[in-house]
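Notebook open, model loaded. I'll jot down what I look up as I go.

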2 protein chains.
Amino acid sequence: MRMSALAAEAGLPVATVKYYLREGLLHAGTATGATQAVYDEGHVRRLRLVRALTGPVGLSVQQARTVLELVDEPGGDLYSTLGRAVGTLPPAGANPVEAADPYPRARAALEALGQVYDPAFAAVAQLEGALAAAEDAGLAIDGERLVAYGRAATDIAAFDLSRLPTEPHAAVEYTVLGTALYEPVLLALRRLAHQDAAVRRLPQAD
Amino acid sequence: MRMSALAAEAGLPVATVKYYLREGLLHAGTATGATQAVYDEGHVRRLRLVRALTGPVGLSVQQARTVLELVDEPGGDLYSTLGRAVGTLPPAGANPVEAADPYPRARAALEALGQVYDPAFAAVAQLEGALAAAEDAGLAIDGERLVAYGRAATDIAAFDLSRLPTEPHAAVEYTVLGTALYEPVLLALRRLAHQDAAVRRLPQAD
């Protein structure tokens, strides 16, 4: 297909497709003349991925390029590649702290849950910041809540991993998009589960 | 205590405390002279709440005022009050859609889960937007994933509700802060549970 058809198929303006080509986020089409090229379904899929990364996932073009490089060349250490890909996602990790134990709350929580973790993984800093903010507001997470939340997170992670594609390129893509795009689904479902539980036990006007 | 001690106790600059007084987010102290007043522990607690709402929770001063009004006057219909309080939280609901069925994906999901819900509750629009974004990226939520996520959300909500204070003022405060401040905890725990599950089954470099 020609550029105009590609743009229409991907739901993007032609100028945006040209921009992604210049920035190297989209591979060149097959040249059919000095100024013309044709594109295929692979280009459409790639544009959908770029659109998701720079749209709902919220990455900058530079961050999207990092993810795409990992999708294109996942290498042999898939565990490390997936960790780096997820590390590009917002929220940004806290600034590195120059301390002997930079993430004391997160470390204690993960040890209590018995989880394996890499202290350099961005989510450790995120957990530390989230636990500190809750504590600061007088709603520190106690052991029972940690177990309840940790068990729910483990159940979801087990499901997510059960769907991980075996093909490495697809695995990186699924991990990045699935991590980011299912987060707001989970949060909305939690708020709606609150409503469902509350309607059964709280006083309401007729 | 005096204003300076109050500010120090709450971890805020004096100018910020004065601003909250002027804006009516903090109740006046007990006057001890023409230009002096003393404050008590109730003022400290209130400032901590305001600081959480306008800090990690991310509300504007106007939104915080709405929440504080509901904390101060929860009224007799606690279910409705809690829904309104949570409705002030980000992310903002989608703009009202002029359609016979504005939230088809969310409706189908909630009916599949068998949950009671109010279509005007902001989380319904949030769920619709989140489901649409996932679908658009080629990662539509299927029935099995919906059940897995829905069950986890229900487990968390049951725990959260089990801790709901019986005193209405405290219930509004807990609901708003707990909804907002535990969300990043849950998301970080999910990413860390992914890492814990992945380390057990993916190839890694030595």
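I started with Glu173(B), which sits in helix 9 of chain B. This is a predicted model, so I keep that in mind for everything below.

Buried or exposed, I wondered about Glu173(B)? I count 25 other C-beta atoms within 10 Å of Glu173(B), and the cut-off for buried is 20 or more, so Glu173(B) is buried.

Next I looked up what Glu173(B) touches. Setting aside neighbours within four places in sequence, I find Glu173(B) in contact with Leu49(B) and Val71(B). I also checked Ala85(B): it is 88 residues from Glu173(B) along the chain, yet their C-alpha atoms are separated by 8.9 Å.

Then the contact between the chains. Chain B puts in 68 residues and chain A 69 residues. Which elements of chain B give two or more residues to the side that touches chain A? I noted helix 3 (41-54), helix 5 (78-87), helix 7 (122-136), helix 8 (143-162) and helix 9 (168-201) of chain B. Helix 9 of chain B gives the most, with 22 residues. I sorted that side of chain B by class and got 45 nonpolar, 13 polar and 10 charged residues.

On to symmetry. I superposed chain B on chain A with a rotation of 180° and 0.0 Å of shift along the axis, at an RMSD of 0.0 Å. The two copies are therefore related as by a two-fold rotation axis. In chain B, the C-alpha nearest that axis belongs to Ala152(B), 2.4 Å away. The same surface serves both copies, as 100% of the contact residues of chain B recur in chain A.

Now the core. The largest nonpolar core has 126 residues, and I see the most contacts inside it for Leu127(A), Val185(A), Leu127(B) and Val185(B). I followed Leu127(A), again leaving aside neighbours within four places in sequence. Leu127(A) is in contact with Ala106(A) and Ala109(A), and also with Val185(B), Ala188(B), Leu189(B) and Leu192(B).

For chain A on its own, I wrote down two domains: domain 1 (1-54) and domain 2 (74-201). Their centres, taken over C-alpha atoms, are 34 Å apart.

Last, confidence. Chain A averages a pLDDT of 92, with 95% of the residues at 70 or above.

Note on methods: Residues numbered from 1 in each chain as written. Chains lettered and ligands numbered in written order. Predicted model: local features only at pLDDT ≥ 70, side-chain atom pairs only at ≥ 80, totals over all residues. Contact = placed C-beta atoms within 7 Å. Helix = DSSP H or I, 4+ residues; strand = E, 2+ residues; numbered from the N terminus. Nonpolar A, V, L, I, M, F, W, Y, C, P; charged D, E, K, R; others polar. Domains from an automatic or database assignment. pLDDT = per-residue confidence, 0-100. Least-squares fit on C-alpha atoms with pLDDT ≥ 70 in both. Core = buried A, V, L, I, M, F, W, Y, C linked by C-beta atoms within 7 Å. Buried ≥ 20, exposed ≤ 12 C-beta atoms within 10 Å, placed from the backbone.
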